[in-house]
Protein chains: 2
Amino acid sequence: MKFNVEVRIKLKKGMLNPEAATIQRALALLGYEVENTNTIDIITFTMEEDNKKKVEEEVEDMCQRLLCNPVIHDYQINIKPED
Amino acid sequence: MKFNVEVRIKLKKGMLNPEAATIQRALALLGYEVENTNTIDIITFTMEEDNKKKVEEEVEDMCQRLLCNPVIHDYQINIKPED
């Protein structure tokens, strides 16, 4: 069975985010007043597996080993069976 | 009135995505078989404005002028009034 996986990665609260700070400053220079700017990275992929539980375990593993840095990142995993 | 804005930016179909290709290769090296890997960038911020229509126009403007490169990116804008 095929599953669509989406991993949403963002910096933990309190971590400095220079990318977001730069965006906010650049927007201000263009005259747009925005606040609380933040950035989130999403990685999506499809995966062949027997059931959703196995996908969950495997993706959790991927996050810990490669996709995220658990020291600085919070991540969220969304799994949907492909139609 | 305060609005929460989320801009979702991804490469247009057919554009090469070296970041996604690298992730997929690295996952394969660790023994995870995944396909159709893709990456999406999200920028979130809050904004003070009279009504939703004005926010839409302004954010559309920001995307064209700074946040996205319309030649290579597709973008999606989500706006929600802050509770």
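Predicted model: local features only at pLDDT ≥ 70, side-chain atom pairs only at ≥ 80, totals over all residues.
**The interface overall**

The size of an interface is often given as the accessible area lost when the parts come together. Here, chain A and chain B bury about 2,600 Å² between them, with 57% of that on carbon and sulfur atoms. Each partner brings a set of residues to the contact: 29 residues from chain A and 29 residues from chain B. On the chain B side, the residues that lose the most area to chain A are B:Tyr32, B:Ile42 and B:Leu66, which together account for 21% of what that side buries.

The polar side of the story comes as counts. Between the two chains there are 14 residue pairs in polar contact, both residues being at pLDDT 80 or more.

So what does chain B put up against chain A? The elements giving two or more residues to that side are β1 (2-11), α1, β2 (34-48) and α2 (52-67) of chain B. Strand β2(B) supplies the largest share, 14 residues. Sorted by class, the touching side of chain B splits as follows.

| Class, side of chain B that touches chain A | Count |
|---|---|
| Nonpolar | 14 residues |
| Polar | six residues |

**Salt bridges**

Side chains of opposite charge can pair when their charged atoms come close. Over all chains the count comes to eight salt bridges, and four salt bridges are counted between chain B and chain A. Which residue pairs with B:Glu35 in a salt bridge? The partner is A:Lys2, and the closest N and O atoms of the two are 3.6 Å apart. This pair crosses between chains, running from strand β2 of chain B, where B:Glu35 sits, to strand β1 (residues 2-11) of chain A, which holds A:Lys2.

**A helix pair across the chains**

Two packed helices are described by the angle between their axes and the distance between the axes. For helix α2 (residues 52-67) of chain A and helix α1 (residues 18-29) of chain B, the axes come within 11 Å and cross at roughly 110 degrees. Angles of 65 to 115 degrees count as roughly perpendicular, and α2(A) and α1(B) are therefore roughly perpendicular to each other.

Who makes the contact? From α2(A), the residues are A:Met62, A:Leu66 and A:Leu67, and from α1(B) they are B:Ile23, B:Ala26 and B:Leu27. By class, the residues of this helix contact come out as six nonpolar, no polar and no charged.

Definitions and conventions
Residues numbered from 1 in each chain as written. Chains lettered and ligands numbered in written order. Heavy atoms only, no water. Axes fitted to C-alpha atoms, helices over the stretch in contact; angles between N-to-C directions. Helix = DSSP H or I, 4+ residues; strand = E, 2+ residues; numbered from the N terminus. Parallel < 35°, antiparallel > 145°, perpendicular 65-115°, else oblique. Contact = heavy atoms within 4.5 Å. Nonpolar A, V, L, I, M, F, W, Y, C, P; charged D, E, K, R; others polar. Buried area = accessible area lost by both parts, 1.4 Å probe. Salt bridge = Lys/Arg side-chain N within 4 Å of Asp/Glu carboxyl O. Polar contact = N/O pair within 3.5 Å; in protein donor to acceptor, adjacent residues only side chain to side chain.
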